[in-house]
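Please have the model open as you read.

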Amino acid sequence: MRYNPITTYAGIFSGVGAALWTLFEYAMGWHNEHLETGAITGFIAVIFPVAAIVWALRAAKRSFGGQLSMKQALMTGLAVSAISAAIGVVFFYAYYTAINPAFLEAMAARGQPVDVVSQLIAVVAGSFIFGILISAVVGYFMRTKGAEAK
């Protein structure tokens with residue numbers, strides 16, 4: 001598969017977008033004082049990986065001359081997810097240890113005890129699982145059908 005720089009940019013967009021959204025939630029108090037609001041608004045961050053993967057798949061299809069197979073779609077989505085996950089791990093480690101260490105305490109007070117390592121594992125697993133799901137769904141609709149597919 002050919003290297004497409006849009007895939008890298010999309011992964012960066014996804015990871016940085018989610019990080020900036022998290023910082024916005026923190027600034028609004030949705031990660032400490034108003035956890036119930038943050039539990040709902042956190043789903044808005046889904047916009048970033050969805051937009052990033054759609055962007056990367058459209059660019060991949062263009063770079064393959066209008067052809068896109070499911071394998072190419074999944075590989076592109078996996079690459080975007082890997083870059084996003086790497087950014088997410090670095091950001092959330094800093095977030096949980098330096099920016100907002102009170103978040104983990106607030107979660108424990110709500111009866112949901114978590115630690116930094118389990119949260120970072122969730123970031124990586126979530127990035128890959130969600131990325132593969134998005135890639136599969138979007139790739140299904142964008143793929144080249146029939147004999148034209150490579």
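Predicted model: local features only at pLDDT ≥ 70, side-chain atom pairs only at ≥ 80, totals over all residues.

Residues are numbered from 1 along each chain as its sequence is written, and side-chain values use heavy atoms, with hydrogens and water left out.

**Two helix pairs**

Two packed helices are described by the angle between their axes and the distance between the axes. Axes here are lines fitted to C-alpha atoms, for helices over the stretch in contact, with angles from 0 to 180 degrees between N-to-C directions. Helices are DSSP runs (H or I, at least four residues) numbered from the N terminus.

| Pair | Axis distance | Angle |
|---|---|---|
| Helix 1 (residues 5-27) and helix 4 (residues 70-99) | within 7 Å | roughly 30 degrees |
| Helix 3 and helix 6 | 10 Å | about 45 degrees |

The angle makes helix 1 roughly parallel to helix 4, a term for angles under 35 degrees. Helix 1 passes helix 4 in a right-handed crossing, meaning that the near helix is turned clockwise from the far one by less than a right angle. Among the residues that meet are Gly11, Gly15 and Tyr26 in helix 1 and Ala79, Ile83 and Phe91 in helix 4. By class, this contact has 14 nonpolar, 8 polar and no charged residues.

Helix 3 is oblique to helix 6, and the crossing is again right-handed. Their contact includes Ile53, Leu57 and Arg58 of helix 3 and Gly131, Ile134 and Met142 of helix 6. Here the residues divide into 9 nonpolar, 3 polar and 2 charged.

**Nonpolar cores**

A nonpolar core is a set of buried Ala, Val, Leu, Ile, Met, Phe, Trp, Tyr and Cys residues joined through side-chain atoms within 4.5 Å; buried means under 20% relative accessible area. The largest one has 13 residues, and Ala10, Ile53 and Val80 are among those with the most contacts inside it. Helix 3 (47-63), helix 4 and helix 6 (116-142) each give two or more residues to this core, and helix 3 gives the most, with 5 residues. Beyond its neighbours within four places in sequence, Ile53 is in contact (heavy atoms within 4.5 Å) with residues including Gly77, Val80 and Ile134. A second, separate core of 11 residues includes Phe92, Tyr96, Phe103 and Met107.

**A closer look at Ala79**

Methods
Parallel < 35°, antiparallel > 145°, perpendicular 65-115°, else oblique. Nonpolar A, V, L, I, M, F, W, Y, C, P; charged D, E, K, R; others polar. Buried < 20%, exposed > 50% of the residue type's maximum accessible area, 1.4 Å probe, protein only.
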